[in-house]
Amino acid sequence: MSFTEYIFFPLFLIYAAIYFVTPKKAKWFILLAGGIGFYCTYGPELLPFAIGACLVAWVGGIAIGKRYEKFDAALSPEATKEEKAKHNAKAKKGAKYILWLTVALMLLALVFVKTQSWLMPKLFGEGVIPVLVPLGISYYTMSLVAYLADTYWRKTRAEKNVFKLLTFTMFFPKLLEGPIARYQAFEKQLSDPKGFDYTAFCHGLQRMLWGYFKKLCIADRLSVFVNTVYDGYKTEYGSMLLLATVFAAFSLYCDFSGCIDIALGASESLGIKLEENFKQPFFSESAAEFWRRWHITLGTWFKDYIYMPIVINPRMLKISGSIGKKNKRAGKAFMAVIPLLIVWLLTGIWHGTGINYIIWGLYWGVLIIISTVWAPELKKLMLKVTGLLKIDPAGKGYTAFKRLRTFVLYLISRMIVLSGSIMALGVVIKRQFVAFGPWKLVDKSVYKYGLDRPNFWLGVLLIVFLVFIESKQNKGVNFREEIDKKNIVVRWAFYLFAIFFVLIFGMYGGGYDAAGFVYMNY
């Protein structure tokens, strides 16, 4: 059952009512039952994957915790600092093997699932049917890996109740597309659940409605145009491909962030706060800032569990030190380049197994490496250019230019993925130069790609509306608080208008897949 199926919202309201009337000590059980029930709507045969991953993490966490408890009990209270350090190092060494084993098991399952579509036919022949992709496997696997790593680093205690860890794994709002939650923050809310809060409940429903608007009215509308244009990329004019790429940028954002808004809104209505995943990314002024605003939990996960462990690795520090003796800046650059390349290569592979995803990952990695390693030179260059052109570096015009520049870089990355292959990407880029056809944008050709005139211009107007709202949010405006200030008549008039707008102008029916989200099978 997807968030966008008609039955989901009324069922959620009933579920919320049951949750709030349930005694405080048993609320976690309702969350667990809801998660399992939601998961089973996609096929109960997929449930063992999630339960298996949870059991592996639970056993691993318990084993790590017991090892630390054993060594802590054996440590004398009068032990010196040096003795404590040696003792902890010994305990950590054994815990590290447990961590590696459990993480390896979960990651092997994840890699198999993500590569099976092309791996199994190669190993067993073309007639082999791949295993179904378990719902949200990337999200719950990465959350459980974080839980194990935090247990190993002693940032959180091992959870002794396997059902509570399973509740975290199966929490249904985050199953479809995340966010990639951390157990430490979730467990505190699980241990001390909140009762019904009218304001939080209304704010949650408002956010869900905003998510439905982005998904059904914008993302699904624009995707019709994008898919139609890119299906005929070989003979399509460059102007149409460029317009489709712009639409694809907003479509992906509204699809992904719309699902996250629904997830965070549903969770907030239940009194549980999940991590934010987007913060107006199209107002970013650099590639690095873009990825601090887009899919935030993925970025912080890679930073905490891949990037930082590489940076503080003794071997890396030794190599960097050796290089630094000859050239200090080269030593620092080495510590930036290698971890960033690894992180972005893995990010590309996480998004997909095709070569275009690897290129996509390296594309972003190279951009961020350039902006990091050559930051002083780039700053000097830009100051020189702005000085010659008499441009104020702190002015609104230059800020707008930097945002547009970042958006163009994002469009190129979308083109890499949308093309589907290196050959197709070459064709798409070539069409921008040899057959651009700007007249196609004004001769009514745009109405021949799945969207008639009203739907096309509605899509454009909704993009403008989205940008306007997010520009206000980027400046700190909180629309939910603004709505709260209105009287009850104005509030409910707004709610009813928004609900009917989504129902009337959302994309449904034959030819549209309102039930699917782009990131669901990641």
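**Cavity and salt bridges in a predicted model**

Reader: How many cavities of 30 Å³ or more does a search of the whole structure find?

Author: This is a predicted model, in which local features need pLDDT of at least 70 and side-chain atom pairs count only at pLDDT 80 or more, while totals for chains, interfaces and linings use all residues. Residues are numbered from 1 along each chain as its sequence is written, and side-chain values use heavy atoms, with hydrogens and water left out. A cavity is a set of points, on a 1 Å grid over the protein atoms alone, where a 1.4 Å probe fits but cannot get out. For cavities of 30 Å³ or more, the search of the whole structure gives 1.

Reader: Which helix gives the largest share of the lining of the largest cavity?

Author: The largest cavity holds about 40 Å³ of space, and its lining (residues with an atom within 4 Å of a point) consists of G136, Y139, Y140, S143, T169, K174, L175 and P179. By class, this lining has 4 nonpolar, 3 polar and 1 charged residues. The largest share, 3 residues, comes from helix α5 (residues 137-152).

Reader: With which residue does K24 form a salt bridge?

Author: A salt bridge is a side-chain nitrogen of Lys or Arg within 4 Å of a carboxyl oxygen of Asp or Glu, and the count by this rule is 12. The closest N and O atoms of the K24 pair are 2.8 Å apart, and the partner is D192. K24 lies in the loop between α1 (8-21) and α2 (27-40) and the partner in the loop between α7 (183-191) and α8, so the pair ties together parts that are 168 residues apart in sequence. K24 is partly exposed at 46% relative accessibility, as is, at 47%, D192.

Reader: Is K215, the salt-bridge partner of D220, buried or exposed?

Author: The closest N and O atoms of D220 and K215 are 2.9 Å apart. Buried means under 20% relative accessible area, exposed over 50% and partly exposed in between (1.4 Å probe, protein chains only). D220 has a value of 6% and is buried; because its relative accessible area is 1%, K215 is likewise buried.

Reader: Which residues are linked with R207 in a network of salt bridges?

Author: R207 lies in helix α8 (residues 198-231) and is buried, with a relative accessible area of 15%. Its contacts (heavy atoms within 4.5 Å), not counting residues up to four places away in sequence, are D261, I262, L264, G265, E276 and R480. In the network of salt bridges, R207 is linked with K214, D261 and E276.

Technical notes:
Helix = DSSP H or I, 4+ residues; strand = E, 2+ residues; numbered from the N terminus. 1 Å grid on protein atoms, 1.4 Å probe; cavity = no way out; pocket = protein on both sides within 12 Å on 5 of 7 lines; lining within 4 Å. Points joined across faces, edges and corners; volume = space filled by probe spheres on them. Nonpolar A, V, L, I, M, F, W, Y, C, P; charged D, E, K, R; others polar.
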